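This briefing concerns the salt bridges and the ligand surroundings of the structure shown below.

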Amino acid sequence: MTLRVLIAGAGVGGLALAQALRQADLAVTVFERTPTVRADRRGYRININRVGGDALAACLPNELFRLYLATSNDEARARVAVFNHHMHPLYATDVGVDGTAVPRDHTGVNRLTLRQIMLAGLEREVRFGQEVVGFEQTPDRVRVLLADGSTAEGDLLVGADGVGSAVRAGLLPQVRTRDTGVRCLWGRTTLRAALRDRLPAPLFDRVAVAVARKAASGSGGPTEPVNRTWKPPPR
Ligand SMILES: Cc1cc2nc3c(=O)[nH]c(=O)nc-3n(C[C@H](O)[C@H](O)[C@H](O)COP(=O)(O)OP(=O)(O)OC[C@H]3O[C@@H](n4cnc5c(N)ncnc54)[C@H](O)[C@@H]3O)c2cc1C
């Protein structure tokens with residue numbers, strides 16, 4: 001009998017795992033509370049370093065990994081620099097850099113686009129509009145409880161349902177999240193020529209964070225896909 005893995009949450013973690021399990025010929029069902037992939041507009045992009053890139057390459061079929069690379073920034077632009085409020089550089093870091101420049105280091109990618117790519121081929125496995133509210137363990141299986149009153153059974157349940165995880169709340173009720181008081185507002189716009197001309201040059205080199213007084217900061221990171229070549233990793 002094939003092992004059936006149930007995953008709560010179709011974010012980047014849940015979808016990467018679902019793709020990897022599919023490639024290993026295991027049965028998988030993903031429950032996602034939002035009605036569609038587009039319904040979740042959180043986050044404008046995500047920077048992926050070499051560790052993440054290698055993990056994605058291992059999880060995704062080669063054609064999907066190529067698509068992810070084709071829609072992402074080059075490595076240099078995903079690096080981070082901090083400026084003061086006059087755009088004088090204070091600090092620059094190449095997060096996780098190990099000295100080698102390979103095409104999948106430090107890419108920045110539109111989070112929605114990445115999730116759309118990671119959904120390809122999982123149309124039957126991902127169930128949108130199904131919120132996990134709890135689970136029950138039987139001696140050798142697990143039953144997922146869904147908000148609409150239905151249930152689903154599998155051999156293993158993975159909580160990939162984010163920071164407010166319902167799975168974690170059931171399994172580890174003593175583990176709680178803490179509000180740090182930090183608040184972020186993010187926006188996104190199309191990079192048209194007129195806007196491009198008005199933006200400071202350092203923005204096009206890296207993700208730039210400008211720190212102002214009173215602990216406020218602003219950041220920006222233009223995303224422009226680049227053509228790159230890539231060899232599939234050995235399987
Ligand atoms: C502003 C911002 C910028 C970030 N930038 C970066 C970055 O550049 N690089 C980086 O590596 N990380 C970054 N992170 C962190 C990164 O976003 C998270 O680590 C990552 O999204 C976690 O992935 P996940 O799949 O575990 O959870 P999520 O991406 O949060 O996905 C969880 C999914 O589960 C669904 N869900 C939630 N509850 C339920 C439920 N009860 N039932 C069913 N579905 C449910 C949600 O709708 C969602 O689709 C950033 C985070 C923020 C907030």
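The count comes to 6 salt bridges, a salt bridge being a side-chain nitrogen of Lys or Arg within 4 Å of a carboxyl oxygen of Asp or Glu. The model is predicted: local features need pLDDT of at least 70, side-chain atom pairs count only at pLDDT 80 or more, and totals for chains, interfaces and linings use all residues. Residues are numbered from 1 along each chain as its sequence is written, and side-chain values use heavy atoms, with hydrogens and water left out.

**Salt bridges**
- Glu125 and Arg22 form a salt bridge, with N to O at 3.3 Å.
- Glu125 lies in the loop between H4 and strand S7 (126–128) and Arg22 in helix H1, so this pair ties together parts 103 residues apart in sequence (helices, H or I of at least four residues, and strands, E of at least two, are DSSP runs numbered from the N terminus).
- Glu125 is buried at 16% relative accessible area, whereas Arg22 is partly exposed at 34% (buried is under 20%, exposed over 50%, partly exposed in between, with a 1.4 Å probe and protein chains only).
- Asp179 and Arg183 form a salt bridge at 2.9 Å between the closest N and O atoms; Asp179 is exposed at 54%, and Arg183 is exposed at 60%.
- A network of salt bridges links Glu136, Arg141, Arg143, Glu153 and Asp155.

**Ligand**
- The ligand is surrounded by 24 residues, each with a heavy atom within 4 Å of it.
- A polar side-chain atom of Arg111 is 2.8 Å from an oxygen atom of the ligand.
- Helix H1 gives the most to this shell, with 3 residues.

Key:
Polar contact = N/O pair within 3.5 Å; in protein donor to acceptor, adjacent residues only side chain to side chain.
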